[in-house]
Amino acid sequence: MNIRDKKILIIDDELEIRKMIDSFLRKEGFYRIYHAENCEEALTNLRENKPNLAILDVMLPDGDGFSLLTAMRQVSSLPVLFLSARGEAEDRLLGLGLGADDYIVKPFLPRELILRVTAILKRVYTTVKPEVLPTFKLEDCIVDLEGAVVSNEQGEQLLTAKEHGILVKLYENRGRIVTSDALCRAVWGDDLYGYENTLMVHIRRLREKIETDPSNPQSLLTVRGLGYKLIVKEE
Amino acid sequence: MKSVIRILRSFVVTTIIIAIFLLVLNFVLLGNFLFKGMEGHAPKNVVQKVATELEGTPGNYGLDNSVKKLLTQNKAWAMLIDNKGQVSWDYELPEEIPLNYTLRDIAKLSRFYLKDYPVFVWEHDDGLVVVGYPQTSYAKYQLYFPVSWISSLPVRSLALLIGNIALALLLSVLIGTRLIRSLKPLLGGVHDLAQEKPVQLETKGIFQDLAKSINQTSKILQKKNKALKKRDEARYNWIAGISHDIRTPLSMVLGYAGELEENKVLPEEQREQAGIIRQQGEKLRVLIQDLNLVSMLEYEMQPLNIKTLFLSALARQVAADFVNNGLDEKYVINLELAQEDIKVKGDEKLLLRALTNLVQNSITHNPQGCEILLKTCISLDSETCSFIVADRGKGISQDKLSDLLELPYSAQRKHAVAKGHGLGLPMVSKIAQAHKGKLILKSRPGEGLEAIINLPVVFSPEQKQV
């Protein structure tokens, strides 16, 4: 079943907002869209139409979205995305704590909303595939993060756990500087200090595996004073 | 409690000083006032003078006129009793005085009175000189003391003195503690007032007026605090409400402008215009978020997610973020970091935001490009550490400097906002305050701006051992 066929319920007291979200969703190919402008309508709609996802405003004329979510949870376990004009961190945590799948603060960009809606639908309704770590190409080798293997013309080399952790973090931020603190935190955990030297040792070993000339690195670059940067070749 | 002891101590000391002062004063007065009238022509001196001045042979005695005058002045009379008990010379002798004396008479008169005349005797070569004063002019007493009593007198007087001091001490402590007992609740009340705690004291005893006043003050203070809190909440809610109300319409502006911008059917020019609407809308969005954050910090409604953070890591993170987000080559960020292990307690997001604001501030106000120094350091006593963001840009004049920390449009601000929305630096200042720190700005025109965030250092156990 295509995720575009999923039923979406928009709960917001502002007609204009509902119309706008409606139009964006339709443009993306969604066509089974329901509206509700207060808690009561939302609950009726939930029973009758059995939507697959709800976009929920926090401030509603006959109650707040948090209590509505609690009420909805007693009937259905559908995924919910909060769309709120209240941006305080507490509200965000409250919403997510109640089991909402996402929390977007108004004003939002339509593209962001659509991306998050499809992400939630994909996560909830497509058969879950085990997450696979990617394989990517560097200047002098190919790295398979899933298998923790580096292969080049000389053959294959296995990555140690720490080297693997460092590479994953760098790959997630490819092309961007990752500070040595962030790398240490990713590999050794929170609140650690004094691992910079250890990190340098691991980086050197890693370069010996992925670079042709480790003393003149092409892929894993040092940004002096800040951290490291991974240059990935076009995929 | 400390202050109570202090008051009691000074009370006791003062009492003792007063007691000693009174004692000394009494001794002086005893000499000067009580014994006044004892001095002058004491009978003893007069009789001695008569005895030494009386010259001549039996039956032919003569007294110097000056001595006679002295006797007349004192209304006294005199006589010489020879060794046989006969009066052999006399001066102004009253009639009732006998002229013959037995040994018993002599013994009596030497000790007591002669016919009610107080008489004083002195030895003479030819007998005994007797000088009599008018009746009822002098009283005569005989004093006898055991030698042991006399010798123990100094010790006893010392004991008396010490006893007196002890008694004074005891009394003053007693009176003082009674006073303190009634003063203690008042003191507690005043201390509580200083900490803005509600105070309700019992209004009785000698200090009841004071207690009433303190209660009244507390009530007023509580009322004012409540009103102030209410007003702060109202202001905060007002800003939160406005930003909330702006968000929904802005969503639609942003949403539709974004749609128009990507609509391939529209001509290029109109799509560009829609893009401008979207960009301006996004600026408005940032402004509302900043306004909300500043308002929450101002009224202390911003929850802080406090963690122990490394100063250097924060600085590196900010620098890396700027470089990652495509910093123009006109700008160079240099890092100068002190020890790696300086730690602070703080909200990571807010501190990063503060540093980002400072760097962004230097970028915005120096469009020609400049060098930006991001520095961390620690004070000599290791109590405070600082982030310093300094640029070698155009700087700012002294009188505009103080403005920068005030909110735009506030009464304290002398100049209008030059660039940006003017919330950036007040926000940094409030973030610093929320972390018990302070933002300090230093600048001179043409020499760039230096912004310093001072924060209290967190000590780790390893550092303490060093």
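A residue is called buried if 20 or more other C-beta atoms lie within 10 Å of its own, exposed if 12 or fewer, and partly exposed in between, with C-beta atoms placed from the backbone. The model is predicted, so local features need pLDDT of at least 70 and side-chain atom pairs count only at pLDDT 80 or more, while totals for chains, interfaces and linings use all residues. Residues are numbered from 1 along each chain as its sequence is written, and chains are lettered from A and ligands numbered from 1 in the order in which they are written.

**Exercise 1. Find which residues of helix α2 of chain A are buried and which are exposed, and say how they are placed.**

Step 1. Helices (H or I, at least four residues) and strands (E, at least two) are DSSP runs, numbered from the N terminus. Helix α2(A) spans residues 39-49.

Step 2. A:Cys39, A:Ala42 and A:Leu46 of this helix are buried. They lie on the same side of α2(A) because they cover an arc of only 60 degrees around the axis; the arc is that of the directions from the helix axis to the C-beta atoms.

Step 3. A:Thr44, A:Arg47 and A:Glu48 are exposed on the other side of α2(A).

Step 4. The cover over the buried residues includes β1 (8-11), β2 (33-36), β4 (59-60), β5 (63-64) and α3 (65-75) of chain A.

Step 5. Just after the helix, A:Lys50 takes a positive phi of about 45 degrees.

**Exercise 2. Describe the open sheet that contains β8 of chain A.**

Step 1. Two strands pair if DSSP finds at least two bridges between them. The sheet has four strands in the order β8-β9-β10-β11 (chain A), with antiparallel pairing.

Step 2. Its edge strands are β8 (135-137) and β11 (155-158) of chain A, each of which pairs on one side only.

Step 3. On average, neighbouring strands are turned by 20 degrees against each other, direction ignored. Axes here are lines fitted to C-alpha atoms, for helices over the stretch in contact, and angles run from 0 to 180 degrees between N-to-C directions.

Step 4. Strand β10 (residues 149-152) of chain A is joined to β11(A) by four bridges. A:Val149 of chain A stands opposite A:Leu158 in β11(A).

**Exercise 3. Characterise the side of chain A that touches chain B.**

Step 1. Two residues are in contact if their C-beta atoms, placed from the backbone, lie within 7 Å. By this rule 25 residues of chain A are in contact with 28 residues of chain B.

Step 2. The elements of chain A that give two or more residues to this side are α1 (15-27), α4 (89-97), α5 (110-125) and β12 (177-179). The largest share, four residues, comes from α1(A).

Step 3. The residues on this side of chain A divide into 12 nonpolar, four polar and nine charged. Ala, Val, Leu, Ile, Met, Phe, Trp, Tyr, Cys and Pro count as nonpolar, Asp, Glu, Lys and Arg as charged, and the others, Gly among them, as polar.

**Exercise 4. Locate the largest nonpolar core and a second, separate core.**

Step 1. A nonpolar core is a set of buried Ala, Val, Leu, Ile, Met, Phe, Trp, Tyr and Cys residues joined through C-beta atoms within 7 Å.

Step 2. The largest core has 62 residues, and those that touch the most other members include B:Leu314, B:Leu355 and B:Val428. Helix α9 (residues 311-324) of chain B gives the largest share of this core, eight residues.

Step 3. Leaving aside neighbours within four places in sequence, B:Leu314 is in contact with B:Leu309, B:Leu351, B:Leu352 and B:Leu355.

Step 4. The second, separate core has 33 residues, among them A:Ile8, A:Ile10, A:Ile17 and A:Leu68.
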